[in-house]
Amino acid sequence: VVAVARRAHDVDAAEQAGLAPGAGSGPRSARRAASWFGGGLAVLLLIGFALPEPLGLGERTSVNQPLADQIAAEEARQADIQRLLTALAANPEDPATLSDLADAYLAGGAPQDLQRAAVALQVLIAIDPDNASAYRRLITAYLSAGDLADARAATDSYRELVGDDDPDVPFFLGLIALRGGDSAEAVEQFDRFLELAPDDDRAPMIRSLRADAAGEL
């Protein structure tokens, strides 16, 4: 697979970048998450992704400065993605490039961006199984996409890595439960988060979500 990715260096990186974990590697969440893409993670990693055109951003008329800034930011994001894909084609197992590429995709927020971010993070976890940040971003990508089943699977794997006393575990489990309609579970998990991290910057938000889940708002 690495050889395929290296040959892709001579092809348009936007269409042929290889994201290839080692054979048989990766935690349970990375393997389970392949079903999210239908055709199978291995196939997607081999053929890469054909990036969309920049939506004609350079041809759109700037109506005001905020819009112009938004267009410029998106053009910069697309350019950054292209640069990172080219770097990844030359070195498919570089953790820093995979991490930066995942962040660039997550900054977009569109469904295809979330899919590509998840793939990059799965490969990063396969290369660096102890990368807690990669797990948190992967869970966030699944939550943003509304994929609660894979968000829960990734959170379970994350809990195996960091233990039950990491406040991010009940944080994510509470959000998953809340979005899944299980208010009682959400309240329980939010209470656990507030017990572990009462001064966390996210605590005010969690208190509000807990009150909502408990029917207090």
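**Overview: the order of elements.** From the N terminus on, the elements run α-α-α-α-α-α-α-α-α-α-α-α. The protein has twelve helices and zero strands. Helices (H or I, at least four residues) and strands (E, at least two) are DSSP runs, numbered from the N terminus. This is a predicted model, in which local features need pLDDT of at least 70 and side-chain atom pairs count only at pLDDT 80 or more, while totals for chains, interfaces and linings use all residues. Residues are numbered from 1 along each chain as its sequence is written, and side-chain values use heavy atoms, with hydrogens and water left out. Of the 217 residues, 43% are buried. Buried means under 20% relative accessible area, exposed over 50% and partly exposed in between (1.4 Å probe, protein chains only).

**View 1: helix H5.** H5 spans residues 65–90 and has 26 residues. From first C-alpha to last it reaches 38 Å, close to the 38 Å expected at 1.5 Å a residue. That expected span is 1.5 Å times one less than the number of residues. Its buried residues include Leu-67, Ile-71, Arg-77, Gln-78 and Leu-88.

**View 2: helices H11 and H12.** H11 (residues 183–196) packs on H12 (residues 203–213) at about 155°, with the axes 9 Å apart. Axes are lines fitted to C-alpha atoms, for helices over the stretch in contact, and angles run from 0 to 180 degrees between N-to-C directions. The two helices are therefore roughly antiparallel. Angles under 35 degrees count as roughly parallel, over 145 as roughly antiparallel, 65 to 115 as roughly perpendicular and the rest as oblique. Among the residues in contact are Phe-190 and Leu-194 of H11 and Ile-206 and Leu-209 of H12. Contact means heavy atoms within 4.5 Å. By class, the residues are nine nonpolar, one polar and three charged. Ala, Val, Leu, Ile, Met, Phe, Trp, Tyr, Cys and Pro count as nonpolar, Asp, Glu, Lys and Arg as charged, and the others, Gly among them, as polar.

**View 3: helices H8 and H10.** The axes of H8 (residues 132–145) and H10 (residues 168–179) come within 11 Å and cross at roughly 10°. H8 and H10 are therefore roughly parallel. Arg-136, Ile-139, Thr-140, Leu-143 and Ser-144 of H8 meet Asp-168, Phe-172, Leu-175, Ile-176 and Arg-179 of H10. This contact has five nonpolar, two polar and three charged residues.

**View 4: Thr-155 in helix H9.** Thr-155 lies in H9 (residues 148–162). At 1% relative accessibility, Thr-155 counts as buried. Leaving aside neighbours within four places in sequence, Thr-155 contacts Ile-139, Val-169, Phe-172, Leu-173 and Ile-176.
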